[in-house]
Amino acid sequence: MLEINGLVKHYKDFSLNCSMKVEPGRITGLVGENGAGKSTTFKAVLGLIRCDGGTVNILGKAPGELTTEEKRRLGVTLAESGFSTYLKVKDIVPVLDAMYPAFDRSRFLNLCEKHRLPLDQYIKSFSTGMKAKLKVLVAVTHGADLLLLDEPTAGLDVNARESILNLLREYMEENEERSILISSHISSDLERLCDDICLIHRGSIILHEDTDVLLNEYGLIKADEEQYRELEKEHILAVRKASYGYDCLTDQKQYYRENYPGVVVENGSLDEVIAMMTGGEEL
């Protein structure tokens, strides 16, 4: 559905050098700290910036080769994009009708009612969360096969985020060949939604793992100085100095639980993996 190979984009103080895939029927999460390259990756995939090297294959073609019909198969939300704030929601319905032959007007209007987006209110008066909801509702109601969602739940409270995540789950259940690439700063959302996770750091993908593997097999070892010296280091991915000794990220937590019963081995989380892989010391 989407394949990025050696994509390079140079800026004055930052360089993107990225390779990743989004397979049909899967939701892939893109995570990383601010400035890691998430939004740059989305823009490069969509052909919104000129890259310095590498290739992007989206729906079987380079972005610049997509026909109008093929572009309609994409549903996109970008952090800084949106509709004119001087329009009302009811004003954009005929625009969507004209742009997308597969636009489901009835479903869109029903979802607007469900998510409390008033049709007669100017978008400029919407909260940040309401604007975010509107962009997602448009993305899922015009028959897209691939969603590219950059921070779609930014500005939403817990209940609103959950309703959007449920909407994305329903979108995937309707067609098993659909795919989503989604970024978010809220790791717990991606843990519950995504099939696999890509971690980007300083412009490069440094980890790509199935979410189930990450949550079930990764762990955080907490060891004092003596315990750390005795640990087998083969399955340790990163180390961080702590007041009591060391935190160690492993992708084989059961191995350490079985072979080092005196050492604390906690279950992994996406937040811990991000913190350790981007702030710890790699071995």
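Predicted model: local features only at pLDDT ≥ 70, side-chain atom pairs only at ≥ 80, totals over all residues.
**Exercise 1. Classify the aromatic pair of F103 and F108, and then the pair of Y255 and Y256, as stacked, tilted or edge-to-face.**

Solution. A pair of aromatic rings is described by the distance of the centres and the angle of the planes. Rings are paired if their centres lie within 6.5 Å, and by this rule the model holds 4 aromatic pairs. For F103 and F108, the centres are 5.6 Å apart and the planes make an angle of 55°. Planes under 30 degrees apart count as stacked and those over 60 as edge-to-face, with the rest tilted, so the pair of F103 and F108 is tilted. Both F103 and F108 are buried.

For Y255 and Y256, the distance is 5.1 Å centre to centre and the angle between the planes is 90°, which makes this pair edge-to-face. These two tyrosines also belong to one aromatic cluster, formed by Y255, Y256 and Y260.

**Exercise 2. Decide whether Y255 and Y256 are buried, partly exposed or exposed.**

Solution. The step needs the cut-offs: buried means under 20% relative accessible area, exposed means over 50%, and partly exposed lies in between. Y255 has a relative accessible area of 30%, and therefore counts as partly exposed. Y256 has a relative accessible area of 1%, and therefore counts as buried.

**Exercise 3. Find the lysines placed over the ring of Y122.**

Solution. Take K88 to begin with: its charged end sits over the ring of Y122, at 4.9 Å from the ring centre. Then turn to K124, which lies over the face of Y122, 5.7 Å from the centre of the ring.

**Exercise 4. Describe the protein chain as a whole: how many helices and strands does it have, and what percentage of its residues is buried?**

Solution. The secondary structure comes to 11 helices and 14 strands. Of the 283 residues in the protein chain, 47% are buried. For contacts between residues at least 6 apart in sequence, 68% join residues at least 24 apart. The protein chain exposes about 13600 Å², of which carbon and sulfur atoms supply 45%.

Note on methods:
Residues numbered from 1 in each chain as written. Heavy atoms only, no water. Phe/Tyr/Trp six-rings, centres within 6.5 Å; stacked < 30°, edge-to-face > 60°. Buried < 20%, exposed > 50% of the residue type's maximum accessible area, 1.4 Å probe, protein only. Lys NZ or Arg CZ within 6 Å of the ring centre and 35° of its normal. Helix = DSSP H or I, 4+ residues; strand = E, 2+ residues; numbered from the N terminus. Contact = heavy atoms within 4.5 Å. Areas by Shrake-Rupley, 256 points an atom, 1.4 Å probe, with all protein chains shown as cover.
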